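Open the model in your viewer and keep the selection panel at hand. We will go stop by stop, and each stop says what to pick and what to look for.

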Amino acid sequence: MINEKLPKIWYGGDYNPEQWDKEVMNEDMRMFKLAGIDVATVNVFSWARQQKNEDTYDFSWLDEIIDKLYENGTYVCLATSTGAHPAWMAHKYPDVLRVDFHGRKRKFGGRHNSCPNSPTYRKYSTLLADKLAERYKDHPAILIWHVSNEYGGYCYCDQCEDGFRKWLQERYTTLETLNKVWNTSFWGHTFYEWEEIVSPNALSEEWGVDNTNFQGISLDYRRFMSDSMLECYKLEYNAIKKHTPDLPITTNLMGLYKELDYFKWAKYLDVISWDNYPSLDTPISLTAMTHDLMRGLKQGQPFMLMEQTPSQQNWQPYNSLKRPGVMKLWSYQAVARGADTVMFFQLRRSVGACEKYHGAVIEHVGHEHTRVFRECAELGTELHKLSDKLLDTRVEAKVAIVFDWENRWAVELSSGPTVALKYVDEVHKYYDALFQQNIQVDMIGVDAELSGYDIVIAPVLYMIKQGYAKRVEDFVHAGGTFLTTFFSGIVNENDIVTLGGYPGELRKLLGIWAEEIDALFPDKRNQIVMSEQWGELEGEYQCGVLCDIIHSEGAEIKAVYGSDFYTGMPALTVNTFGSGQAWYVATSPEPSFLQGLLRQLCQDKGIIAPIAAVPGVELSIRSKNMENYLFLLNHNEHEATVEIGNLRTSNLITDQKIENTVTLPAKGVVIMKKH
Amino acid sequence: MINEKLPKIWYGGDYNPEQWDKEVMNEDMRMFKLAGIDVATVNVFSWARQQKNEDTYDFSWLDEIIDKLYENGTYVCLATSTGAHPAWMAHKYPDVLRVDFHGRKRKFGGRHNSCPNSPTYRKYSTLLADKLAERYKDHPAILIWHVSNEYGGYCYCDQCEDGFRKWLQERYTTLETLNKVWNTSFWGHTFYEWEEIVSPNALSEEWGVDNTNFQGISLDYRRFMSDSMLECYKLEYNAIKKHTPDLPITTNLMGLYKELDYFKWAKYLDVISWDNYPSLDTPISLTAMTHDLMRGLKQGQPFMLMEQTPSQQNWQPYNSLKRPGVMKLWSYQAVARGADTVMFFQLRRSVGACEKYHGAVIEHVGHEHTRVFRECAELGTELHKLSDKLLDTRVEAKVAIVFDWENRWAVELSSGPTVALKYVDEVHKYYDALFQQNIQVDMIGVDAELSGYDIVIAPVLYMIKQGYAKRVEDFVHAGGTFLTTFFSGIVNENDIVTLGGYPGELRKLLGIWAEEIDALFPDKRNQIVMSEQWGELEGEYQCGVLCDIIHSEGAEIKAVYGSDFYTGMPALTVNTFGSGQAWYVATSPEPSFLQGLLRQLCQDKGIIAPIAAVPGVELSIRSKNMENYLFLLNHNEHEATVEIGNLRTSNLITDQKIENTVTLPAKGVVIMKKH
Amino acid sequence: MINEKLPKIWYGGDYNPEQWDKEVMNEDMRMFKLAGIDVATVNVFSWARQQKNEDTYDFSWLDEIIDKLYENGTYVCLATSTGAHPAWMAHKYPDVLRVDFHGRKRKFGGRHNSCPNSPTYRKYSTLLADKLAERYKDHPAILIWHVSNEYGGYCYCDQCEDGFRKWLQERYTTLETLNKVWNTSFWGHTFYEWEEIVSPNALSEEWGVDNTNFQGISLDYRRFMSDSMLECYKLEYNAIKKHTPDLPITTNLMGLYKELDYFKWAKYLDVISWDNYPSLDTPISLTAMTHDLMRGLKQGQPFMLMEQTPSQQNWQPYNSLKRPGVMKLWSYQAVARGADTVMFFQLRRSVGACEKYHGAVIEHVGHEHTRVFRECAELGTELHKLSDKLLDTRVEAKVAIVFDWENRWAVELSSGPTVALKYVDEVHKYYDALFQQNIQVDMIGVDAELSGYDIVIAPVLYMIKQGYAKRVEDFVHAGGTFLTTFFSGIVNENDIVTLGGYPGELRKLLGIWAEEIDALFPDKRNQIVMSEQWGELEGEYQCGVLCDIIHSEGAEIKAVYGSDFYTGMPALTVNTFGSGQAWYVATSPEPSFLQGLLRQLCQDKGIIAPIAAVPGVELSIRSKNMENYLFLLNHNEHEATVEIGNLRTSNLITDQKIENTVTLPAKGVVIMKKH
């Protein structure tokens, strides 16, 4: 349990009473009660308020807020406010300001605006966290600490450049090693002094988005930036922990956000929390995958849904309303996939600046007689009713999909073979194929233990880190099923090619050699032609993006290409290795192929959907102590009926009895307990 | 009359004999006479020529030009040349150079290149205006002063930043007020010292086009920049006025140009002048609306068409020729809508640099035997024949459309609900619906007196300035018809939301509450379904962009939405308020709906088209002393016949008799007098 | 012959053993032999390796490489490594770093990164060339010198700005002349001191791509930059020539690369070499035209194909493989059009940084059992067999197409009449029409002697340099056929319009006057309607982009426009001038029109295709001493049969006998000797 003080699914969100007068806050207290809100995230952006200059701190207003909330039955998720530095600090200590990708020194403005290697920022952010922790360490309202906010963005200032050199020295010790792992003999880039190294941006090695002359340098700068921000986080973390060793600490992550290596960060978060902002056209399964990824960051430990909007966003091009029922549906989706909180940005809408058209529980009209408030209040009641039943339950999966930020960086920094290759898209194709057939999946990093899984899928595993090939071999040897794809096994963790034939360190395991990699123009397709019917798979499927031209070196050829000069060459192979199987999908197939393929692999391993899939109805199961909670989520615009076998149970939300079939209204949710 | 020295529609344009030798100028004099040209705008870009360094002025060449023109019967519109500073000034006093949106200090180049807060620029531009006025104050050739040229663009240098702080201090007095109106408690932006404030650009609060973190800051910077340039204009204005109190002074505006608040500027112009550059695909009604807007800047006072091209432009992507007849047609369109001059850029084409492919009365071939010259000469003859008949006539309208630059800025700076909302487009939709049915319209600012109108239309009146709601209420109470739309009444002039339910201060008047605002994806439409047939309106119409979800609080529901979860909720309402009516159009409808709606509103007020509309034939009427001048402009590629009732008159251009019907050739124009 | 030491078509390419250990190099030697490789370009990017600081040079590793290659039968094309400066130099002497178009000082990174006016760069690059030449002057391996690499890009730093002023002083002597040729009286740009002049970039006169306020300034800056880099080249050239007067020197050009005036450069190259990187969708005839242009740079002298990829590129969006046979086909295309070498980038793929997915003879797998290697080895064998037969043969043409970089710059810098006009596209339209009917063409500059040609075609000859009109008149007068198009004869070499009517200096020759130039929107077309059938031409053809509206002043009207207000006005004219004809094509026609037109012009001059054209089969002929070598290149995906008349010969590649017809497999090549 995140904090036993509040043994239920937390319900609340970001709250900024410092933008309002006291009368409004009183009204908020009344409405929070109506909505069943029991946790408020406060102090997210108030650094300037609590520290008006270098020496003066004022927490009295915050005391009042926290006391008032607590008196009214609302707990506090206490933020440290370091997500945006004060204007006076930018003015007095310009080292807190970032230099952007184009080499421009920024002025004061925006948020997430501090240089992560700024001595001033590090000093004062740590000090603030320290002061806050000291002051509130014994306050009964505090449930959890929320360090900074949505860390992100990169800086390219001189102090970062200098920090980069130090980071490199620690990592590589000598320039000789550095020159080697960056392959600086290419284009005569040899460095003879550490000072000669500059940060890679639009003034040196990079241009546009993800274009670089030196993949090794750019990759290391991403690592360094992720580490630099993590260091800022850790400084605050440690300052707080010193005072409140028993309170959990988190920072809100952003799902598939590219710039930070969240698997590395997760080690230093007591609990994962994240902000979920799908658009009207975001695939349901992509949101599901992101929840699963966030859950996977700490090996399945329940996470916090820290932010979502009750209805509208403001920063998307077309900010459509969440249709009736959708807010609840998506909230339960988070819970179904491992969230133990449902929290909003924001509890009350601001009156000015850029987020005033972002949805809130309390809208500008100020009263409770709105569709949005009513839906929030209904959900508040339901979560209260669910009490602690779901807390600490786990999602159990026999299939894992590998997701690796560093691999993602490397894939998308690559110059060639194609700009069309997007790592998340390829991973999502495999996830979606399983999602559509109600197969539970764990999203895992490359540090994860594999032995608990029957099937491990690693799409576009371009970068093979030290020891990983061996670990995959062990997994397969012991009976596991491993699947990877085109453009895998190509480089080591410095983006240096493994010589001797693709897929490099995976070649033996997969029993193939990829001689060439063809990039298809966007209007071109090839075909995957099944050698013979296999399960559902027969005949021909479309494929594109990249086509590896491979030779079997022992692998069985399950399908071949259907056109072009490599017609008849393998497109899908399986290699028996020890007691297991290693599959290679040599190109990027259409969804129906992947569904057929993965259904077959699961069947071979005895993995079957607990409930037969119904289009548009999502299934997830959370379990604890032999008890299973089945979630059915109807994302359709219409009613849906699901066969659940001879199960007699009831909907935990409504207490409605259920027998054999469940009929869900459009956007409806059912949670059923099954022993 | 702009200047009684030349009591006819002025005909001429920009003329740069300083680019040529004297022989060419002699030839020009001959050709001006052939073309009936009687006014030349000179000295627009000659600062460097008349001031070769800090201390040396030379006007002898200008004396010669002005004398020569005058001797040859051509009057002078005398420009001050301050639209581009000299190279030596940029070199010696870099403070005249701007810093751009990206924070880059510019070098010498282009035009409209001076920082409006540069002490050097202000000093020397004022001094030059002063010297010119002193020198030419008694020259009989001078008809009018033309200060600088097409003011525009913004600067973000340190002196502007400093000026911004001072401007803010004057406007808000204390930082406490400033922090409040900018809502700086959002994202911890509280300012404790004025020095902490920076200008909002790509280095601080803004990015791309019209994206900002703080609408209040960005809005004020636009005001400040508009004021800064206006201050430059006023410095020159005052310097000139001192010498020639009786000569009118203007500067050429740019129609719908976004960056300057022309209603504020208009107060300091003796006569409005503007540059009209429609493209081949500009809607005719958009040009008409722009003329009407320019006329509206000074409450209907006749204006100057300062620039248009005789044929081609050079700076559009595809610079098509004006088809035969089109130059004349569009010239008369300007006159029909209130222009008392027809002037070109340019009288003679330059031989080098970027405008050499811009059309001119005298083309590179240098003689009069061109299609373009012939058409110019024909128009010259016609304007001579029209003499002073049309001068000082007024366009009379009972319908007004509100146009407000600050509202426009605020609407387009908004983060959410949609990027698809463009203020001018929404205003133009209403204008076009009236234009298509021959209803005369005044374009008015928010300072305008409303009582003279029967109908006032204020599309997307997002920002309600202090006292404006009350003035609209008074107008309606007294019997007026007011119409506004979705996304109106939302904020005050600092872009701070009016709490208590949209449309804020207009809620009582309109008798509705807008609970939510749905943004539609570009490929999505909803429908407006009429509750019952009303006038022409019946059945269903398409709508999009935004859909306000409103509740009637007393207003009559004339139409409802046709789909989505708000099917059946009001889409068009009318509220009786005192003796008048207040209409709300909750979404952005297709044209046929607006035509039906506005025809009905006009009919209810007894406003009818003086002549029944014929597709593609524009009507406008200018009146004076009980005499009306009807303009019919056939924009079609084919002949058109217009029924004019039992009117016997003649075409003032051709003296051709007209009885009952008028037949206009393709691109033809008729001007008829009617008592 | 480029160098008599290797009297055959050289075969090899870029080779970077400094990136590898010695074992790998030994393996490379073995594989080079297998592939028939006899030349390696080394030392292209090794400046940092051979000069680790200001004072220390080390060539021992290069000695080893060159010796080892020579011992193994591979000659050396020795590069000077100055295409990228060392990191230490950038660190110690920042003057070597460029300032980009946006005014940003660059840091160390990339390649082609040195300021061409940097004293440091000029000093050390010259010194390095000198040292290399001194050291290797007697080494028997060296065939040729390769200075720097792919010169390109512009710099806008202070030392370039200063250099620009000096260059201008030399060119124009006085500011008075400068002000005149730049037409600075426009927009008051008059310069009174040289110091006032700044370089034209995004901070001054230019924006986006090819947009400028002052065409004259921008044009001169392009000339200056091209000259500045040429100066760098010449410094190295002279340093080398001093030591090895008999060895040829080149630098690798980039075909249609826009920024450098290759005709001017060609004078200082002993032999032209260039890098050919067509994409999958590059028209075959565009590659052919580029080869012909490279051959034309030195009046038909055989050139070097310095780089091409054996299969894939890495820097295109979609890097498709060269299909089987295509590498050989395109290699022979180069030879067919005048290349005496076939060379690759690269012989061995690098393991890290941005070119590791660029194709190579030796792929990452490292062995010879790849499709790519096999094809390379086959070609190696064939080239060996061809021996010296083709060396020094010439392509003979009676038709020339004029190509001029300065004209290209001016056309694309023009503001108006249309952004759709692309010089290379218009030139290519004419080239393609001839290519499709097997007519050999020379691509010539404006310095070229015309008298040897029957037909000279100069599409969009916008800029007429001093004396050129007279030379064209002489050519026509003596019986030549000249053809030019719309938007020709407009300006002199300073982009100053020739007054008195377009096409200016060509007006008399062409017997027409272009009164107006209409720019068509992209979705619009006009028609060329033949006055009567003429050869293949009859009826109507589509045209677009620009339509000159012309009047005949003696020229015969062969075709007129088919629509718009200029229907019936001339679209195609021919003027008899002395014994010759001058044609004017007033618009941009569809391909079928141009094929018909050019077939007819050729026929009139007795120019006929040596072999009737077969679609997709390219023909080229190289000749020497009355011997002709006919190349047939089948670019189709299918077999093609070509009638060759009663010719008995054999395929020089295969020795297969040929009689009357040749049947080529898909992608097949035949070389036949004909006396």
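Buried area is the accessible area, taken with a 1.4 Å probe, that two parts lose on being put together, summed over both. Keep that in mind for the first stops, and remember throughout that this is a predicted model.

**Stop 1: the domains of chain A**

Color chain A by domain: domain 1 covers 10-83 + 114-151 + 247-390, domain 2 covers 399-604 and domain 3 covers 617-674. Now show domain 1 and domain 2 of chain A, whose C-alpha centres lie 38 Å apart. Where they meet, 23 residues of domain 1 of chain A are in contact with 18 residues of domain 2 of chain A. Between them, domain 1 and domain 2 of chain A bury about 1700 Å², and 61% of this is on carbon and sulfur atoms. Which residues of domain 1 of chain A lose the most area to domain 2 of chain A? Select Lys258(A), Ser285(A) and Met289(A): together they make up 35% of what the domain 1 side buries.

**Stop 2: chain A against chain B**

Bring chain B into view. The contact takes 51 residues from chain A and 55 residues from chain B. Chain A and chain B bury about 4500 Å² between them, with 58% of it on carbon and sulfur atoms. On the chain A side, pick Lys107(A), Tyr318(A) and Tyr357(A), which supply 16% of the area that chain A buries against chain B, more than any other three residues.

**Stop 3: a loop residue in chain B**

Go to Leu97(B), in the loop between helix 4 (87-92) and helix 5 (119-136) of chain B. Is this residue buried or exposed? Leu97(B) counts as buried because its relative accessibility is 7%, and the cut-off for buried is under 20%. Leaving aside residues up to four places away in sequence, Leu97(B) touches several others, among them His85(B), Phe108(B) and Cys115(B). For a sense of scale, draw a line from Leu97(B) to Asp432(B): they are 335 residues apart in sequence and 41 Å apart in space, C-alpha to C-alpha.

**Stop 4: strand 20 of chain B and its partners**

Select residues 570-577 of chain B, which form strand 20; seven of its eight residues are buried. One partner is strand 19 (residues 556-561) of chain B, joined to strand 20 by four bridges and running antiparallel to it. Within this pairing, Val560(B) has Pro570(B) as its bridge partner. Strand 21 (residues 580-585) of chain B is also antiparallel to strand 20, with six bridges between them. In the hairpin of strands 20 and 21 of chain B, two residues lie between the strands, and Gly578(B) takes a positive phi near 60 degrees.

**Stop 5: a sheet in chain A**

Finish with the open sheet of three strands in chain A, ordered 23-24-27 with antiparallel pairing. Its edges are strand 23 (617-624) and strand 27 (669-674) of chain A, each pairing on one side only. From one strand to the next, the twist averages 20 degrees. Strand 24 (residues 627-634) of chain A pairs with strand 27 of chain A over six bridges, and Phe631(A) has Ile671(A) as its bridge partner.

How values were computed
Residues are numbered from 1 along each chain as its sequence is written. Chains are lettered from A and ligands numbered from 1 in the order in which they are written. This is a predicted model: local features need pLDDT of at least 70, side-chain atom pairs count only at pLDDT 80 or more; totals for chains, interfaces and linings use all residues. Side-chain values use heavy atoms; hydrogens and water are left out. Buried means under 20% relative accessible area, exposed over 50%, partly exposed in between (1.4 Å probe, protein chains only). Two strands pair if DSSP finds at least two bridges between them. Axes are lines fitted to C-alpha atoms, for helices over the stretch in contact, and angles run from 0 to 180 degrees between N-to-C directions. Domain bounds come from an automatic or database domain assignment. Contact means heavy atoms within 4.5 Å.
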